[in-house]
Amino acid sequence: MKYLLGISLCIILFSCRSKLVKSDDLSLVKSMSVDFCNLKNYNDKLITTDVIYSGIDEYWSASGYDKCEGEFNKVYLNFDDYYWQKGNKSVLKKLEKVHVKYYMYKARMTVTGIFKVSPLEEDIIINKDTIKGTLNGFGHLNSYNSRIKIISVDNIEVIKK
């Protein structure tokens, strides 16, 4: 009887543990398909959206297919985990072509990732001067006030500028 009770307890604990792991594993969570211009409504959410990716030197960003109003018309795409660890080789080759020949090409793609809006720090007092602005941006020199941490890239197409 003790043996059966011990096995039952182990099974219950294991099933609870596996449910916790699944909730943290983003590959098991369904992303929301979002129009690029509505990203601001999905802070800290797993989203899928269509973007045009382009840049020059250290300044790389994504925009929507259509022009968006407001401050979120461009976002920084954080490829760190995807690009260096687990990226699809075909996607990586196309991204490399865009990065190397940035003056000729941009990429149209569907990305899935976690959208994040940078927290704004307003009314910062430095040496008795008041400064308003974003201190915590994304990308080179914190140039963008939002980012998508890339989990996957689909339907990538390299196009001429």
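Is E157 buried, exposed or partly exposed? E157 has a relative accessibility of 40% and therefore counts as partly exposed, a class lying between buried (under 20% relative accessible area) and exposed (over 50%), computed with a 1.4 Å probe on protein chains only. This is a predicted model in which local features need pLDDT of at least 70 and side-chain atom pairs count only at pLDDT 80 or more, while totals for chains, interfaces and linings use all residues. Residues are numbered from 1 along each chain as its sequence is written, and side-chain values use heavy atoms, with hydrogens and water left out.

**Salt bridges**

- The structure holds two salt bridges, each defined as a side-chain nitrogen of Lys or Arg within 4 Å of a carboxyl oxygen of Asp or Glu.
- R108 and E157 form a salt bridge through their side chains, at 3.9 Å from N to O.
- This pair joins distant parts of the chain, with R108 in strand β5 and E157 in strand β8 (residues 146–160), 49 residues apart.
- A salt bridge also connects the side chains of D44 and K116, at 3.3 Å from N to O.
- Strands (E, at least two residues) are DSSP runs, numbered from the N terminus.

**Accessibility of the paired residues**

- R108 is partly exposed, at 31% relative accessibility.
- D44 is partly exposed at 47%, and K116 is partly exposed at 24%.

**The loop residue G137**

- G137 sits in the loop between β7 (129–133) and β8.
- The relative accessible area of G137 is 12%, so G137 is buried.
- The C-alpha atoms of G137 and V117 are separated by 8.4 Å, and the two residues are 20 residues apart along the chain.

How values were computed. Helices (H or I, at least four residues) and strands (E, at least two) are DSSP runs, numbered from the N terminus.
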